[in-house]
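I opened this entry to record what I looked up, in the order I looked.

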Amino acid sequence: MTAPATPDPTASDPAVAAAEAELARLRAEAEAAEAQLKAAQAKAALAAAEAAAAKAKVTGVEGAPAPAPAPAPSASTTAPAAVGADRPAPAAQEQPTRPAAAPTQPGPLDRAEVEKIAGGYTFDAATTTLDLGALLNGDPVPSAQVRIPLGMMNRHGLVAGATGTGKTRTLQGLAEQLAAKGVPVFAADIKGDLSGVATPGVANEKLLARTQAIGQDWKPEASATEYFALGGIGKGVPVRATVSGFGPLLLSKVLGLNDTQESSLGLVFHYADANGLALVDLADLRAVLSHLTSDEGKAELKELGGLSAATAGVILRELITFADAGADVFFGEPEFDVADFIRTAADGRGVISLLEVPGVIDKPALFSTFLMYLLAELFEILPEVGDADKPKLVFFFDEAHLLFKDASKDFLSAIVQTVRLIRSKGVGVFFVTQTPKDVPSDVLAQLGSRVQHALRAFTPDDAKALRATVGTYPKSGYDLERVLQELGTGEAIVTVMSEKGAPTPVAWTRLRAPQGLMSPTPDPAIEAAVKASPLLAKYGTAIDRESAREILAKKMQAADDAAAAEDAALAKAKADAEYAKQKAAIDKQQAAADKASAAAEKKAQQEYERLLKKTAGTTRTSRSAAKSPLDQILNSKSTQTILGGVIRGIFGTGRR
């Protein structure tokens with residue numbers, strides 16, 4: 001009791017007072033919101049009890065549409081017992097207003113048709129289902145819940161509708177429920193607002209009123225979410241693919257090649273594989289094409305047979321343009337393992353994998369084809385499981401019309417085959433687009449569930465597409481050509497596949513609201529989640545290993561070195577030959593000179609000998625031959641004296 005008597009000095013602080021006032025205001029708002037939520041839940045329970053009573057009344061009185069107002073009083077008297085006696089007055093006040101509103105907003109279906117639809121979406125108690133929403137027949141009919149069996153989610157489906165009709169929210173609601181039941185989900189986040197699944201939603205009066213009316217027990221809840229980004233363009237964990245893994249068929253679709261060029265590109269891939277040239281990125285593929293169109297590769301190009309130099313040049317130019325547009329970043333290593341999409345959280349919930357694509361939306365062909373690549377990879381790695389109780393993964397293919405635009409026959413055939421066969425691998429595929437005509441009929445034939453939001457018919461082509469869409473639905477009590485143009489936001493015409501594999505009745509449905517945030521999760525929260533991801537260490541850093549470009553560069557360098565060595569050897573051989581030629585010429589000249597000199601010498605000797613012979617014995621006046629000058633000098637007395645002195649000096653005889 002002494003606490004009030006000793007006020008804290010901070011009580012006079014205006015900032016503290018303002019904070020306390022704000023805290024009190026927030027507490028009051030929270031209490032009011034809680035009271036409002038409880039009231040909304042009570043109203044929803046009351047509406048459900050009324051509907052149940054009405055249903056019991058109708059089934060008790062065989063085929064009597066005339067006493068339609070009768071269930072209202074019965075429901076009003078029994079509702080308080082079903083809901084509780086704490087709010088009898090509101091129930092008594094609300095009950096007369098519902099039948100009064102019916103004549104002003106009559107539904108298109110009579111009671112028998114409503115009961116037929118309600119029965120069509122009532123499955124065995126052992127069947128796990130996803131709740132799509134409640135039947136809308138003028139007003140919502142909470143007792144007629146529209147559901148889809150969880151096991152039928154791998155039978156594929158279509159979510160279609162004009163822009164702004166609620167397709168993204170439908171996708172979000174399905175993803176949240178799948179994840180809550182332990183099924184991993186993959187979805188492309190085109191506009192970035194699907195990231196709200198990772199953040200609890202925010203209640204407001206409009207949201208609660210809407211969810212109450214359809215019997216949804218709404219509460220805010222976040223889902224386990226992983227963020228990815230194509231090639232690392234964005235905040236998520238990078239998702240890359242090698243060119244070899246992507247394959248010639250998908251790459252031809254991206255490059256816009258015709259059938260001839262597509263088959264030629266297949267030959268290039270075959271050549272690279274046969275020669276051990278790893279195609280990791282676009283630079284590798286360009287290097288292979290450049291090699292085949294070069295002088296060094298002409299022989300190998302000729303061996304490929306069906307690939308002409310002109311076609312190879314066209315493909316090379318398309319690749320250069322494609323790379324210049326920034327597509328290089330999507331191809332490389334480490335290549336993403338699509339098995340990492342099939343993950344569950346520690347609490348058993350499925351992980352929702354969101355592929356962020358706002359940064360690449362200007363490359364629609366690449367985006368859609370990359371999704372097809374991921375789906376094809378799933379088909380390759382997953383084993384056959386047959387009809388499982390729940391899917392291994394549900395794959396939402398947003399903006400599906402981009403995939404099929406200008407697609408070749410081979411490409412469409414590959415898509416149809418993948419969609420048809422991947423069901424047995426436990427993977428469900430839902431195509432999300434604006435109109436069913438965006439999806440080829442062969443693909444539509446494989447889809448078991450349809451959630452069709454509103455369509456617009458502003459042009460003759462739109463009207464034609466609308467009539468074509470109506471013609472694909474089973475017979476129903478709706479004028480679908482009119483109803484499809486009158487659907488409100490968050491409403492759809494639904495038909496799914498029952499647990500027995502039969503189509504359910506066509507139902508005008510008001511869809512459930514997602515429990516996550518219906519706007520993007522704040523960037524700081526996304527960045528924190530990415531940094532905490534165990535996949536970031538695995539895929540965050542790009543790797544540039546030796547591949548076709550480096551191998552061909554080494555091969556070209558080796559060829560250049562060999563050519564240079566050959567040129568050097570040839571030049572040396574030519575020089576040696578020239579030297580030998582010149583030496584031979586010199587030797588020949590020398591030999592000729594020597595021969596000439598020898599001949600001259602021989603001739604001179606012969607001439608000398610001739611002269612000697614000629615002059616020999618011609619002096620008849622003297623008996624002795626005349627002495628030569630040398631003989632005269634040596635035989636002279638003075639020479640003899642000198643020689644004698646020299647000899648004595650040498651031999652030491654001079655003293656004697």
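My notes on these topics follow.

**Basis.** The model is predicted, so I took local features only at pLDDT of at least 70 and side-chain atom pairs only at pLDDT 80 or more, while totals for chains, interfaces and linings use all residues. Residues are numbered from 1 along each chain as its sequence is written, and side-chain values use heavy atoms, with hydrogens and water left out.

I looked up the second largest pocket and noted a volume of about 730 Å³. On a 1 Å grid over the protein atoms alone, a pocket is an open set of points with protein on both sides within 12 Å along at least five of seven lines, and lining residues have an atom within 4 Å of a point. A volume is the space filled by probe spheres set on the points, which are joined across faces, edges and corners. Of its 33 lining residues, I listed Thr165, Gly166, Arg169, Thr489 and Met518 as the closest to the centre. The elements giving two or more residues to this lining are α6 (167-180), α7 (205-213) and β9 (427-433). Helices (H or I, at least four residues) and strands (E, at least two) are DSSP runs, numbered from the N terminus. The largest share, five residues, comes from α6. I sorted the pocket lining into eleven nonpolar, 13 polar and nine charged residues. Here Ala, Val, Leu, Ile, Met, Phe, Trp, Tyr, Cys and Pro count as nonpolar, Asp, Glu, Lys and Arg as charged, and the others, Gly among them, as polar.

**Cavities.** A cavity is a set of grid points where a 1.4 Å probe fits but cannot get out. My search of the whole structure gave three cavities of 30 Å³ or more. The second largest cavity holds about 50 Å³ of space. Its lining includes Thr168, Leu171 and Asp398. At least two lining residues each come from α6 and β4 (185-189). By class, I noted four nonpolar, one polar and four charged residues in this cavity lining.

**Helix α10.** I found nine of the eleven residues of α10 (residues 282-292) buried, that is, under 20% relative accessible area with a 1.4 Å probe, protein chains only. Among them are Asp284 and His291.

**Strand β3.** Which residues of β3 (residues 157-160) are buried on each side? I noted Gly157 and Val159 on one side, and Leu158 and Ala160 on the other. Four bridges join β3 to β9 in parallel, with Leu158 partnered by Phe431. β3 also pairs in parallel with β10 (residues 449-452) over four bridges, where Leu158 stands opposite Arg450. Pairing needs at least two DSSP bridges between two strands.

Notes: Buried < 20%, exposed > 50% of the residue type's maximum accessible area, 1.4 Å probe, protein only.
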